[in-house]
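Colleague: I have a few questions about this model. Can we go through them one at a time?

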Amino acid sequence: MKSSSQRLILDFITYILLAIGAVAMILPFIWMMSVSLRLPANQFSREIIPNPLTWQNYVELWEKLPDQAYPYLLFNSLKISLLTLIGQVLTCAMAAFAFAVVKFRGRELLFALLLATLMIPSQVSLIPDFILFKYMNLIGTQWPLILPAFWGGAFGTFLLRQYFLTIPRDLVDAARMDGASLWDIFWRIYMPLSRPAIAALAIFSFKDTWNDLLHPLVYLPSDMHQTTMTVGLAFFQQQLQMGGKFTVLMAGAFLSILPLLILFFIAQRQFIEGIALSGVKR
Amino acid sequence: MDYGLRPLGRERLWLWGLLFPTLIGLAFGTIGSLLATLLLSFFSWDLIAPPRWAGLANYIALVENDAYLKAFTNTITFTALYVPGVVIFSLLVAVLLNRKIRGVSLFRTVYFLPTVTSAVATALVWNMFYGKDTGLLNFTLESLGLAPVCWLCRENAMMSVVIVNVWGAIGEGMIIFLAGLTAIPREYYEAATVDGASNLQQFFKITLPLITPSIFFQTLISAINAFQAYDYIYMLTRRGQGDSTVPVAVFSIYRNAFNFFKMGAASAQAIQLALLVALFMGLLFIFERRYVVYE
């Protein structure tokens, strides 16, 4: 009897703590939506539900910003993120398959080398990559953001290899007996069976590219027709804050995270399982 | 790991085809870049005139440069505050969520939201929260009868920036720890309860030792992120000319390379940052040998 009342108290404390944390986590998002639906005159009001409620900030964002930038930013971000996703899934899966399934000399060494690169800060490669792309005359184009996605990556390869290792060997042996080539085994057995892990990598890649600030800032011109949503939003901050228009800024922020929020609610399981997968078994 | 298919005949070519993109990436993207940056750090180069050999001058200049030393110290301070913050808070959330209560998946979703959304967008809201006269935080403080705080002024900016960065990273850490926690067999706790161990004793004697691999992993990931932290800091503290009230090493590298086109100096800073990361990783792996329990 005593232990059940003790459990009740503990459950209560758990809920209180979790709820406090949850408010801290979600309040910025609620606030973002709330401010975006207010009249500019009420931007610093503390009401969560705007009174009166208005869509005018979204209209203004879409129509009145210089050069009608918003549709361009959206298109650029989508384009770069999707191409990056394709490059990452394809090239990481190829390497992961080689590391997980094929026996070749130097496999362990090469894999260890690849994993070690996870620890190289991305700033280290930023400078030589910039110089490389400069000599290829690609600075100011979107190629420096897309091309590197097609040369694999330690994180994606590691993630997919972990999953590939869980696929039963018997399947491979049986396919081999039937005369399947390496390519058949990769494309017809491993890829279809690894959908959860591939989905996870695709989502991570999309998210990281969509949210990236540093690389577009370095490589893309500060022209609102050619840069990404994230950089555009950072520029808006300077412009709009000076004009005192937090309401429009928040509308911009909300629209910029909306695609990811939708993706997250559709594919929440893959997000979470993907992270859990990267954390188990080294 | 000895198992593996042997490639047959022409499949050997296929194998290298599969690995080709990764090898290019190692050559140009990571390992090659590291070597190139190292080489560049011994030159003086503005991308226009041909590079000039500078020997150790770039490195010596760093030690004498107060602004850079400040940035370097800032990176270390930031890491020292951020890493324990992320590990402790996400472990706490995971432990709470791991008690079998209702609504776990709802809480998990909410805690995970900041991890998904862009730092640039959420930093805009935090910027409003941190407002000196109009911000929600100071409003709350004042209604509690406390003095308002200048959150983004020089003396407090580091703390404010760490808070937002930790806020944004709890979701991912929570998932790592939840995966570790659910892997601990329930029988251990049942046996301990039979023996009369309290909840607190169970946490310190069972949970904590068995979760050390996850703690190690999360510390590693958080540290890698901390040394490279940029987005929130840029959005909350940037000033003209790529400067910031909390200039961390990344700012310094960026400024030198892309505002002033001092490629040699920027490379020397990048190498220093890489050495700092390597040093930290080395220490972490020594700790791992001594304290991390693998079953």
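Colleague: How many residues does the contact take from chain B, and how many from chain A?

Modeller: Bear in mind that this is a predicted model. Both chains contribute to the contact. Chain A gives 75 residues, and chain B gives 73 residues.

Colleague: Which helix gives the most to the side of chain B that touches chain A?

Modeller: The helix in question covers residues 11–40 of chain B. It supplies 19 residues to that side. The name is helix α1 of chain B.

Colleague: How do the residues of that side of chain B divide into nonpolar, polar and charged?

Modeller: Charged residues number five, and polar ones 15. The nonpolar count is 53.

Colleague: Why is helix α5 of chain B largely enclosed by the rest of the structure?

Modeller: A residue counts as buried if 20 or more other C-beta atoms lie within 10 Å of its own. The buried residues of α5(B) include Ala119(B), Leu124(B), Trp126(B) and Met128(B). The helix spans residues 119–129, and it is largely enclosed because the buried residues number 10 of the 11.

Colleague: Is α7(A) roughly parallel or antiparallel to α10(A)?

Modeller: Helix α7 (residues 154–164) and helix α10 (residues 195–211) of chain A have axes 9 Å apart. They pack at an angle of about 165 degrees. Angles over 145 count as roughly antiparallel. So α7(A) is, relative to α10(A), roughly antiparallel.

Colleague: How many residues of the contact of α7(A) with α10(A) are nonpolar?

Modeller: Gly156(A), Leu159(A), Leu160(A) and Tyr163(A) in α7(A) face Ala197(A), Ala200(A), Leu201(A) and Ser205(A) in α10(A) across the contact. Two of the contact residues are polar and none is charged. The nonpolar count is six.

Methods:
Residues numbered from 1 in each chain as written. Chains lettered and ligands numbered in written order. Predicted model: local features only at pLDDT ≥ 70, side-chain atom pairs only at ≥ 80, totals over all residues. Contact = placed C-beta atoms within 7 Å. Helix = DSSP H or I, 4+ residues; strand = E, 2+ residues; numbered from the N terminus. Nonpolar A, V, L, I, M, F, W, Y, C, P; charged D, E, K, R; others polar. Buried ≥ 20, exposed ≤ 12 C-beta atoms within 10 Å, placed from the backbone. Axes fitted to C-alpha atoms, helices over the stretch in contact; angles between N-to-C directions. Parallel < 35°, antiparallel > 145°, perpendicular 65-115°, else oblique.
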